[in-house]
Amino acid sequence: MGIVLGDNRYGKAEVHLVRVDRGADRHGLTDVTVGVSLSGELADVHLRGDNSNVLTTDAQKNTVFAFAAEGVGQVEEFGLRLARHFVASQPAIRRAEVRLTEQPWDRIEGSDGPAPHSFARNGTCLRTARVRVTADAAEVVSGLTGLTLLNTTDSEFWGFATDRYTTLAETRDRILATAVDAQWRHLSSDADFGKSYPDVRRLLAAAFAETYSYSLQQTLYAMGERVLAAHPEIAEIRLSLPNKHHFLVDLSPHDVENTDTVYYAADRPYGLIEGTVTRDDVAPSMMDW
Ligand SMILES: O=c1[nH]c(=O)c2[nH]c(=O)[nH]c2[nH]1
């Protein structure tokens, strides 16, 4: 019996970069947080303290900023440029993974129209991307997190299994709310990411709104199916949907009638409904995501 080094990787996490595009009449703003993770011939650093194959995490951070000087563009493309650079320039690095999270900012609407150089951070929904590059393959997963959606009706939940601990009452009408975390894998690494991102986001919200729901699980499948039906370039989509419970408040102790109008929005605990909707004829992903 022996002790050996298992899987390992290293890199700089959460490099928060802001780029200003200084156009003649108006400025643009890009806000992206980047994580780099490299793996390869790294046994010597772990086993013998030999750092000769270690490209410092400090240099990785500097690379992110230096590449941003040439432009960021779609987060997937920025991640691919970085990952390809690390694999191509460092012989010991066999695999580079880059994770990106983009915070959108809205241009402020001034009294005379859009303000040329002023922005307001927009909401809670972040755009995400994850790329993995090796010498002969590249895989891209796009996503979003924190897309908060709510239906005030058209949601039922009944007919579930029961046991001695079941107390939940069946309901024929409830609020259904969630904060969507979705990640979708592209079949090719040169897809049009700028075009598909807003459309996938729109389709997820439309499917949520238009599905008469008997469970959040059923809504999850409908959302994923809607995306795959419209986007042949997407192989699979993974959804993680917290069930943001809204409970009708009992106002009877105060002699006040609650006509299905006043709810308590509980923040925890919450149900967590997760699932993958996939094509049945595609090769599995090479990334853990
Ligand atoms: O849509 C739902 N799915 C569940 O699995 C579940 N479980 C629960 O208590 N409420 C709900 N709602």
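Predicted model: local features only at pLDDT ≥ 70, side-chain atom pairs only at ≥ 80, totals over all residues.
## Overall layout

The protein chain has 289 residues, of which 27% count as buried. Its secondary structure comes to 5 helices and 12 strands. Taken along the principal axes, the C-alpha atoms fill a box of roughly 75 × 70 × 40 Å.

Contacts between residues at least 6 apart in sequence can be sorted by their separation along the chain. Of these contacts, 65% join residues at least 24 apart.

The domain assignment divides the protein chain into domain 1 (9–133) and domain 2 (137–289). Taken over C-alpha atoms, the centres of domain 1 and domain 2 are separated by 29 Å. Where the domains touch, 14 residues from domain 1 and 18 residues from domain 2 take part.

On the side of domain 1 that touches domain 2, helix 3 (75–89) and strand 6 (126–134) each supply at least two residues. Strand 6 gives the largest share of that side, with 8 residues. Sorted by class, this side of domain 1 holds 6 nonpolar, 3 polar and 5 charged residues.

## The nonpolar core

In soluble globular proteins, nonpolar side chains tend to be buried together. In this model, the largest nonpolar core has 46 residues. The members that touch the most other members are A83, A96, V98, L204 and V227. Domain 1 (9–133) and domain 2 (137–289) each provide at least three residues of this core.

Not counting residues up to four places away in sequence, L204 touches L147, V180, A182, M223 and V227. V227 is also one of the core residues that touch the most other members.

## Annotated binding-site positions

An unreviewed UniProt entry carries the annotation "binding site" for T57, D58, F157, R174, Q217 and N243. These positions span 187 residues in sequence and their farthest two C-alpha atoms are 51.7 Å apart, so they do not all gather at one spot.

T57 and D58 are both found in helix 2, which covers residues 57–68. Leaving aside neighbours within four places in sequence, T57 is in contact with Y10, G11 and K12.

## A residue in helix 1

V45 lies in helix 1, which covers residues 43–48. Is V45 buried, exposed or partly exposed? V45 counts as partly exposed, because 17 C-beta neighbours lie inside 10 Å. Leaving aside its neighbours within four places in sequence, V45 is in contact with D50, N51, N53 and V54.

Terms used:
Residues numbered from 1 in each chain as written. UniProt positions renumbered as here; feature names shortened; annotations may be inferred. Helix = DSSP H or I, 4+ residues; strand = E, 2+ residues; numbered from the N terminus. Contact = placed C-beta atoms within 7 Å. Buried ≥ 20, exposed ≤ 12 C-beta atoms within 10 Å, placed from the backbone. Core = buried A, V, L, I, M, F, W, Y, C linked by C-beta atoms within 7 Å. Domains from an automatic or database assignment. Nonpolar A, V, L, I, M, F, W, Y, C, P; charged D, E, K, R; others polar.
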